[in-house]
Amino acid sequence: MKLAKYFLVVLFILLTGSPGVAAGPTWPKIDTALSAWQGEKNLLLISSAETPLETTAVQQVLEQVLLHGFAVRIDAAVADNDTGLILELRDGKQMSMAILRRASDKAIIAFERHVQAPEAGPAAAPATAPLQVNPLSSPAVPSAPVVAAEPRLAADLPGPLALPGKPRSVAVLKNTTDADLIIALQSDTGVTRYRMQDHQLRALGEFKKKNKALRALYLESGDPDHDGATELAAVWADDLQGIYTGTDSRLSSTILESNRQGFSAQQGPGAFIRLLKGKGLVQFRGKYSLWHGPVRALQTGEEGWTAGNEPVSWASSNLFDITPLDDTVALQRTAAGQLRLVSLENGQPLPGGTLLYDLGDFEGAPVAVSLETPEYRSGFSKEDMVRETWWHLPPRVTVTSDGTAYTIRRGRSAGLPLVGKPSGRDQLIALHWNGHQVTVTEPFAGVEAFMLDFALIENQGSVKAALLLLNQKPDGSGNAYLQIVPFTGHP
């Protein structure tokens, strides 16, 4: 029976049984054509393998298709439906091809091919050697004459990795080798350390917070005490609620260092914390305001981690609105949501330093602040009185050693309530200051998901890729994923 109201995508994958086929070529052009489809996103996945879900090739395709928002079926009984698409992958000795057709008239709507690498000589590794997925370097090639290596495409890296729970923030602790990462994820239950290798996560221990009422806000990584070890600053909110007093988010922080069991933990100041370019920065909340007092240095001593007594030299603004690029200039977020360059010496905007670029409406973790004077917004009873304002933290801004700032552009929309569908892409962008103007480049591919947080993957001071924490919903309440996207360079 024909399903006229459904869009069916048939993926017919021809597997030869060779171990190398599981790590076969990817198809960015085909992927783009599927992304552009505006119909119902129901997908039929068909493979000639006896157990398709146990094969690496099908798993990789399935992960990518799910990220596009398709509901996937694995049922050959409806393969003759004429309302969908057919994607046929052909593997030959010299060339692999991907052909995307309309099922109704078999017309080709997308085509892509890859020339197979020449076979290796006698000294090459055996054909059964596993192919290692490496997010930090170019893929391995057989021992044949080598020309200039081509940059990796986003589709050459593993697809999104589904995550348990609802993580709010991510941090990279270190690159242990070229093929794996040590990362940390923060959620409402605590902070978990993982080894990410071969597109799998292996838990290496966790920190479970004692106060279960604490809610995750964000996670920072750095070395503020300059001991050569990476510390994590996990910032939490304790939402104190009263029937007639409203909600007030009290701040708490934990400073974590890695050990064999997971983490050693010390209590930090009850304030916002940022770790920037080897420095720790602190700012407290006010009784009726999100910020109060100057920005101070995070310091450690016999009493543990505390805020210093003296403000930093540029402490005239709040902690998240100012991000120093060097010792003289800083990136400032204005009340209207724009970014501009200001002088750290006097806080004045720099000529040519205003960025006329739409960063979208990003709403990070919420923080409730009590109102000194409650407001009536609907009626005039006690229950109609509004006693707090909910603020949302801005997206992360990370600065590399060359003074380039990276942040999130919210290009994805959740659509209209009840009837709309999510559309658009979020993207990690780079901001550059050449002394005359601020410019924007897009060195990372966009993703069809809501980007909650990111961490840069660097090697010898150069950005190689980015680790993205994604979610199906902008508030982080949906299914969560990790995605590595390669750095394609600044045009």
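**View 1. Strands that line the second largest pocket of the predicted model.** At least two lining residues come from each of β8 (169-175), β12, β16, β26 (397-399) and β30 (450-459). Of these strands, β8 supplies the largest share of the lining, seven residues.

**View 2. Centre and composition of the second largest pocket.** The space within this pocket is about 880 Å³. Its lining consists of 38 residues, and those nearest the centre are S221, G222, L275, R396 and T398. By residue class, the lining comprises 20 nonpolar, 10 polar and eight charged residues.

**View 3. The largest nonpolar core.** In soluble globular proteins, nonpolar side chains tend to be buried together. Here the largest such core holds 31 residues, and L217, Y218, F272, I273, L281, W314 and L393 have the most contacts inside it. Two or more core residues are given by each of β12 (215-222), β13 (231-242), β14 (246-259), β16 (272-276), β17 (279-284), β18 (292-301), β19 (304-311) and β24 (366-376). The greatest contribution, four residues, is that of β16; β16 also supplies at least two residues of the lining of the second largest pocket.

**View 4. Surroundings of L217.** L217 is among the residues with the most contacts inside the largest nonpolar core. When neighbours within four places in sequence are left aside, L217 is in contact with R168, Q186, V235, W236, A237, L251, A365, P366, V367 and L393. One of these partners, L393, is likewise listed among the core residues with the most contacts.

Definitions and conventions. Residues are numbered from 1 along each chain as its sequence is written. This is a predicted model: local features need pLDDT of at least 70, side-chain atom pairs count only at pLDDT 80 or more; totals for chains, interfaces and linings use all residues. Side-chain values use heavy atoms; hydrogens and water are left out. A nonpolar core is a set of buried Ala, Val, Leu, Ile, Met, Phe, Trp, Tyr and Cys residues joined through side-chain atoms within 4.5 Å. Buried means under 20% relative accessible area, exposed over 50%, partly exposed in between (1.4 Å probe, protein chains only). Contact means heavy atoms within 4.5 Å. On a 1 Å grid over the protein atoms alone, a cavity is a set of points where a 1.4 Å probe fits but cannot get out, and a pocket is an open set with protein on both sides within 12 Å along at least five of seven lines; lining residues have an atom within 4 Å of a point. Grid points are joined across faces, edges and corners, and a volume is the space filled by probe spheres set on the points. Ala, Val, Leu, Ile, Met, Phe, Trp, Tyr, Cys and Pro count as nonpolar, Asp, Glu, Lys and Arg as charged, and the others, Gly among them, as polar.
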